Amino acid sequence: MSIIRVPIPEWAFDTTLRICIEREQNFRNQFVTKKLRSLVSDNPILARNVEGVIGYIGDICACVWLGMDPKEHLRQMLISTDLLAHRDEYDVLYRGWRIDVKTELVPDNAFQAVVSRSIMPEVRYGCRLINGTQFRENSHSVDIYLFGLLDQWDPRSAKFWYPVGAIAHKEIVSLCPQPLDYVGPRCLHTPAHVIPTQYLRPPEDLLSIKERSVGSMHKVEFSTLPEAVLHKYRQLCTKVGL
């Protein structure tokens with residue numbers, strides 16, 4: 001089984017942190033990882049936003065791997081969120097499919113087993129989790145969940161993103177229709193939809209997925225935007241490095 005490794009663009013960390021800073025006044029990441037924040041506590045601004053930074057880095061690398069322009073994707077995201085006034089409904093639009101990219105962190109002793117999808121579901125880190133509240137609020141606008149890993153917990157030192165596997169929204173509903181409080185004998189901090197890693201489809205399957213009509217989901221033509229919005233958009237792009 002081949003393992004895919006996607007280099008993180010050099011600009012990704014700085015740009016994603018700037019985006020998170022710009023959105024702070026409107027919203028922050030919904031779910032906090034105390035261990036992660038303690039690892040980057042030397043930088044209070046990063047500590048407040050580290051989950052968002054990692055999420056955006058995963059989105060960027062997914063775009064790179066799928067052959068999309070990650071900066072163009074982020075520019076579209078700025079528009080679709082009304083210039084970061086609210087959260088986006090999904091992360092990546094690929095061939096008409098709405099993808100939510102879940103970038104996770106696992107310890108070194110579990111990394112190879114997770115990234116190769118050979119880890120057993122009964123062991124720690126053997127299942128992928130989607131927070132129950134987040135799934136309830138967002139899953140109506142997501143077709144596919146793509147799970148991936150960073151090679152380092154601290155995004156400042158991370159060099160690679162690894163796609164692990166994908167699963168369709170409808171498959172999650174069939175596999176785990178209600179969020180659970182536990183995985184095997186272990187209790188979860190918050191209820192989550194539990195997906196054994198072995199149930200994920202190989203990430204390469206996405207590369208051959210058939211294109212479908214996107215309907216109302218289409219790229220914004222910036223020339224059609226009102227001049228006032230376009231001016232603010234250009235200012236924001238400059239501030240975050242796009």
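I was looking at a predicted model, in which local features need pLDDT of at least 70 and side-chain atom pairs count only at pLDDT 80 or more, while totals for chains, interfaces and linings use all residues. Residues are numbered from 1 along each chain as its sequence is written, and side-chain values use heavy atoms, with hydrogens and water left out.

**Entry 1: Glu89**

Is Glu89 buried or exposed? I counted Glu89 as exposed because its relative accessibility is 54%. I found Glu89 in the loop between α4 and β2; helices (H or I, at least four residues) and strands (E, at least two) are DSSP runs, numbered from the N terminus. Contact in my notes means heavy atoms within 4.5 Å. Leaving aside neighbours within four places in sequence, Glu89 touches Asn138, Ser141 and Val142. I also looked up Glu89 and Ile99, which are 10 residues apart along the chain, and their C-alpha atoms are separated by 9.6 Å.

**Entry 2: the sheet**

Two strands pair if DSSP finds at least two bridges between them. With that rule I read an open sheet of 5 strands in the order β1-β6-β5-β3-β2, with mixed pairing. Its edge strands are β1 and β2, as each pairs on one side only.

I then went through some of the pairs. β2 and β3 are antiparallel over 3 bridges, and Val92 has Ile99 in β3 as its bridge partner. β5 (residues 144-150) and β6 are antiparallel over 7 bridges, with Gly148 partnered by Pro163 in β6. β1 (residues 6-7) runs antiparallel to β6 with 2 bridges, and Val6 stands opposite Trp161.

Why do I call β6 largely enclosed by the rest of the structure? Of the 9 residues in β6 (residues 160-168), 9 are buried, so I wrote the strand down that way.

**Entry 3: Lys102**

I placed Lys102 in strand β3 (residues 97-104). Lys102 is buried, because its relative accessible area is 13%. Its side chain makes a polar contact of 3.4 Å with the side chain of Asp100. For that term I used a pair of N or O atoms within 3.5 Å; within protein, one must be able to donate a hydrogen and the other to accept it, and residues adjacent in sequence count only if both atoms are side-chain atoms. Beyond neighbours within four places in sequence, the contacts of Lys102 are Ile130, Gln134, Tyr145, Leu146, Phe147 and Gly148.

**Entry 4: helix α4**

Which residues of helix α4 (residues 70-80) are buried? I listed Pro70, His73, Leu74, Gln76, Met77, Leu78 and Ile79. Their cover includes α1 (12-23), α3 (44-65), β2 (92-94) and α8 (227-240). A reminder to myself: an α-helix has 3.6 residues a turn, so residues three or four places apart point the same way.

At the N-terminal end of α4 I found Asp69 as the cap, with a side-chain oxygen 3.0 Å from the backbone nitrogen of Lys71. After α4 comes Asp82, which has a positive phi, near 55°.

Definitions and conventions: Buried means under 20% relative accessible area, exposed over 50%, partly exposed in between (1.4 Å probe, protein chains only).
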